[in-house]
Amino acid sequence: MKLEKLLQALGQQPIESSEEVCQLTRLLCRQLETFELFAQELPSQNLGFVDSKASTVELTIAGRDFTIHQSPGVLSSNRAGGTTGAVVWKVTPLFAEWISSASSLLFQSEILSSNSLVLELGCGISALVGLCLAPRVKGYVLTDQPYVAKFVEQNVAENAHISASSTGKGKAKGKKTKATAASHSKDNNVVFTPLDWETDEATPSLLTDLPDTAGRKSFDAIIACDCIYNEALIDPLVSTCADICRLRTQESDTEADPTICVVAQQLRDDQVFEGWLARFMESFHTWRAPDELLPNGLKPSSGFVVHIGILKEAYTP
């Protein structure tokens with residue numbers, strides 16, 4: 001199974017490896033994980049914005065140039081329901097480059113391939129992870145609250161590069177090429193769908209706008225990149241992750257590997273992190289991606305961390 005390749009690459013037992021572990025032991029497991037990550041001297045990242053005052057930011061990821069539109073006005077507003085998705089966060093380009101690389105953990109283990117379907121939670125305005133990863137997979141669904149839709153669609157349309165580098169075969173040279181909104185829409189395998197963790201239900205309809213997915217009812221992977229900063233949203237986020245993973249049970253292929261949940265985040269607040277970890281470990285077998293499988297900029301020593309989760313009811317280690 002492809003899953004076995006992934007677990008071999010992770011090279012360790014889950015942070016909590018048994019359903020029978022007592023409550024005290026589970027507490028110690030997550031406290032140890034939190035201590036190991038936050039006891040080191042973390043670099044100052046401030047809140048973690050790339051540039052919270054600019055209306056556009058220029059980024060180069062894996063040799064490709066992106067111009068990303070963002071909204072400082074929304075970020076500084078009092079909009080109910082949050083505003084943090086209105087600008088680009090530092091972890092996003094680092095994670096986008098790693099996850100979309102042919103040498104990354106999920107591609108090396110064949111969890112992801114050209115036939116894979118991926119859903120991202122809390123994509124924010126940039127769509128960067130989707131823009132980088134979509135050329136390597138069959139379909140990519142970006143989700144967030146409706147207020148980011150206009151910017152997501154603009155960024156997807158203006159950064160849909162037509163070049164060999166979009167599939168990792170080379171780096172873009174000279175002036176970058178952009179597709180028009182119309183041409184991108186025609187051959188689109190990356191789409192945006194509103195999804196509120198607190199009010200919306202995760203159903204196979206999340207795949208509706210993707211082309212050539214007839215008969216598919218679930219995703220091979222879920223991505224959440226820097227979505228953990230508000231304690232009140234921890235439970236809705238983890239519950240949504242679990243609900244999307246459960247869609248796998250509706251697939252006709254009973255031998256399919258379980259959906260993999262990948263969570264990348266900046267190390268900011270140890271209490272918020274431990275709160276997320278405690279809730280995530282209730283539903284998911286949880287592994288931290290080893291340093292040797294991450295680029296330097298994405299390692300805990302740089303202030304970031306990546307965890308891999310497999311729904312407990314879908315797999316027993």
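This is a predicted model: local features need pLDDT of at least 70, side-chain atom pairs count only at pLDDT 80 or more; totals for chains, interfaces and linings use all residues.
Start by selecting Cys261: at 0% relative accessibility it counts as buried (buried is under 20% relative accessible area, exposed over 50%, partly exposed in between, with a 1.4 Å probe and protein chains only).

Residues are numbered from 1 along each chain as its sequence is written, and side-chain values use heavy atoms, with hydrogens and water left out.

**Next stop: His307**

Keep Cys261 on screen and select His307, which has Cys261 among its contacts (contact means heavy atoms within 4.5 Å). His307 sits in strand β9, residues 304-311 (helices, H or I with at least four residues, and strands, E with at least two, are DSSP runs numbered from the N terminus). What is the relative accessible area of His307? It is 0%, so His307 is buried.

Leaving aside neighbours within four places in sequence, the contacts of His307 also include Ile15, Leu37, Phe273, Trp276 and Arg288. Glu33 is on that list as well, and its side chain makes a polar contact of 2.8 Å with that of His307. (A polar contact is a pair of N or O atoms within 3.5 Å; within protein, one must be able to donate a hydrogen and the other to accept it, and residues adjacent in sequence count only if both atoms are side-chain atoms.)

**From Glu33 to Arg288**

Stay on Glu33, buried at 6% relative accessibility, and bring up Arg288, buried at 17%. Their side chains meet in a salt bridge, 2.9 Å from N to O (a side-chain nitrogen of Lys or Arg within 4 Å of a carboxyl oxygen of Asp or Glu). Why does this pair tie together parts that are 255 residues apart in sequence? Because Glu33 lies in helix α2 (residues 23-38) and Arg288 in strand β8 (residues 284-288).

**Over to helix α9**

Select Asp235 and Arg279, whose side chains form a salt bridge at 2.6 Å, N to O. Asp235 is in helix α9 (residues 234-246) and Arg279 in helix α10 (residues 270-283), so this pair links parts that are 44 residues apart in sequence. Asp235 is partly exposed at 41%, whereas Arg279 is buried at 16%.

Then pick Asp243 and Arg246, with their closest N and O atoms 2.8 Å apart in a salt bridge. Both lie in helix α9, three residues apart, about one turn of the helix. Asp243 is partly exposed at 34%, and so is Arg246 at 31%.

**Last stop: the cores**

Finish with Phe95 and Leu106, which touch the most other members of the largest nonpolar core, a set of 56 residues. (A nonpolar core is a set of buried Ala, Val, Leu, Ile, Met, Phe, Trp, Tyr and Cys residues joined through side-chain atoms within 4.5 Å.) Apart from that core lies another, of 40 residues, with Leu119, Leu207, Cys261 and Trp276 among them.
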